[in-house]
Amino acid sequence: MSQDLQVARRQVEILNALGLHLRPADKFVRLAHRFQSEIRVNHEGHEINGKSILDLTTLAAECGTMLVLEARGPDAEAAVEALAELVLARFHETEEGHDKDPAR
Amino acid sequence: MTPTAAVGARRRARGRRTPGRTARGANRPGPPKSKTMHTLRGIAVSPGIAIGPVRVLDPRGLRPPLRAVSAEAVPAEYDRLDRALESARSEAEAAEAEARDRIGPQYADILGAHARMIDDPTLRRDARERIGRDLVSAEHAVSEVLEGHAARLAGMADTHLAARAADVRDIQRRILAQFLGPGTAPAPGDTDGPIVVLAHDLSPSETAGLDPARVLGFATESGGLASHTAIVAAALEIPAVVGLGRALDLARLSRSAIVDGDEGLVVLDPDPPTLDRYRRASVERTARFEGLADLAHLPAETLDGRAVRLWGNIEFPAEVDPCLDRGATGIGLYRTEFLFLNVDRPPTEDEQFAAYEAVVRSAGGRPVTFRTLDLGADKLVSYRNGHPPEPNPALGLRSLRLSLRDPDLFRTQLRAILRASALGDVRVMFPLVSTISEFRQARAILRAVAGELAAEGVAVPAGLPVGVMVEVPAAAVMADQLAKEVDFFSIGTNDLIQYTLAVDRTNETVAGLYSAADPSVLRLIALVVAAAEPRGLDVTVCGAMGGEPLYAPLLLGLGIRCLSMAPHQLPEIKRVIRAIRDDRARALAAEVLGLEGAPEVAERLREALIEAFPEAAAHALPGGPHDSRG
């Protein structure tokens, strides 16, 4: 694995009105778990485990918060790409915090 | 309760909590550096002081987590942690799947997020770290880690995120429940050592299930002054406080607690000075009670020679001896509900007889007054169908009404009581009698059952005294008619006050309106005495009022000659009786019957008690040694 070690980093802004609350955090974590890479999320100097929903919710990342997503591992690039896309797509939530696609 | 404590008890505030010391205030973001003391205020229901480690009993049967483990046991705790997290996760996932089918995606998503929280790598890492570093049990570690998250969330300005604290506490409960679930062996050491129990509520049988040797004291979030839980606690002589309001979240984080059953306080994680003060108070208290023990064999007689009978209230056969040890000359109230609670079929005649026989034999020829079944239909629901839920159970099918509606249940109990009556001095009373016709029906069934037993060749003594409990204002008002047919009256003051003042004594929001000092209640008692006296019938007071020092002079003055109470109250009441004069008590009663309300009556009774016990006056003022408000 070590020969495949990649590090990828990207800054994203939380755009959905309610911020990184329970369900967006859950979506983020579920997506993060699909990747082998270790995922770190950095917010104002706090770095937390991107695969921990408890850590993510206690970040209290509101709308407008800037987060740095960092992945280390064989699929780091893909992981950061996918996670950033999820954040920028406002976690596929409506402004009221409902799921745009309940059927999923 | 001492006269001193009784005086103090009357001025108890009913506030929820000491200002400035709320659960939320203690849980600012970040782990607390050290444990902070919290003082919670409730209602004192069973006197005494208990100091010990905290155990929280949750509605789901959770136990509080603190348990030290040895270094060698750490790997085993890691395994227990992994197993509990695994089963909690699959439980949450099952709940998610079910919710998705039945309720919809919104709720299912939350349960799914719960499953991820349970499976959270940070939770597992932090919990393992705590187990290894602090040498605590897995459940304690989980609880501490999650409580830290919950507290941080709860402290956030964003209300959506703050509400997530509830999710964290929910998964905390789910995980902790796994440690107790089937297949999870009880943790070794979990049942060792004395504890202080905090719970939302305890059913009477749960209360009775507490081992007095292990449970130093208990406190509940719910419940008013005269709830059944309180009655059982007093009977078991465990210090108890009820009606704390929200306390469990805080209690889960606490290591030790003081239950002050005199003042109605619970102190979580007491600081050293507080602990020291309570330890000294506890020692003094023990010494005082040892002094009272000498009273047990002195007569219960006023200074001017009026004899009063002091009897005990019991629920279990084992309580007879504590009554007799404290000088009780009889059992004035034997509650018989216990065999009927939390069982899936009613107890058989032989099962009932075995309990009744034990009580009558323990009493050794002294009077034993049986109260027939005093339950609501709701309490029998597990083996009885056909009684739909009642909108107003206190005014519904309960107590004697239920017995008359269910003759098989009633006859079985009466057969067991009658059989036991051959073994001693047994009396029977019917609870919640509202009309003379109900009494006649009940007595007719009793006579018919006695006839059956005689026909079967079972020895049943003739002339068993049959009385009514006066608990409904109608029975007090009609006492002159009832007096023509009953052998005795027994006043159940708890229900009499509830029905006279229309106050649910277990409803915290109105419990403050419940007062034995209300002149309306006193006038009803006077009516019963007036009806009984010309016929020479006994009137006993067997409600909580009968065991309170404050009311003893008044009841005596009203003409009551027999008081029945929880065993621990006997020495104190005897001390009061021996310190007062009957003629003064009569004058006091005549005076307070003319007062306009409960506050005036209570104030006058306090004065009278201080006259009898001048040394109590110093303690009755705020700031006295028992005043522990911070």
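How much area do chain B and chain A bury between them? About 2,000 Å², with 63% of it on carbon and sulfur atoms. Buried area here is the accessible area (1.4 Å probe) that two parts lose on being put together, summed over both.

Some ground rules. This is a predicted model, where local features need pLDDT of at least 70 and side-chain atom pairs count only at pLDDT 80 or more, while totals for chains, interfaces and linings use all residues. Residues are numbered from 1 along each chain as its sequence is written, chains are lettered from A in the order in which they are written, and side-chain values use heavy atoms, leaving out hydrogens and water.

Back to the interface. Chain B gives 24 residues to the contact and chain A gives 22; contact means heavy atoms within 4.5 Å. There is 1 salt bridge across it. R116(B) pairs with D26(A), with the closest N and O atoms 2.7 Å apart. The rule asks for a side-chain nitrogen of Lys or Arg within 4 Å of a carboxyl oxygen of Asp or Glu.

Who supplies chain B's side? The largest share, 8 residues, comes from α4(B). Helices are DSSP runs (H or I, at least four residues), and strands are runs of E, at least two, all numbered from the N terminus.

Now chain A. Its 4 strands form an open, antiparallel sheet, ordered β1-β4-β2-β3. Strands pair if DSSP finds at least two bridges between them. The edges are β1 (6-13) and β3 (46-49) of chain A, each pairing on one side only. β2(A), residues 38-43, meets β3(A) over 4 bridges. One detail: N42(A) has E47(A) in β3(A) as its bridge partner.
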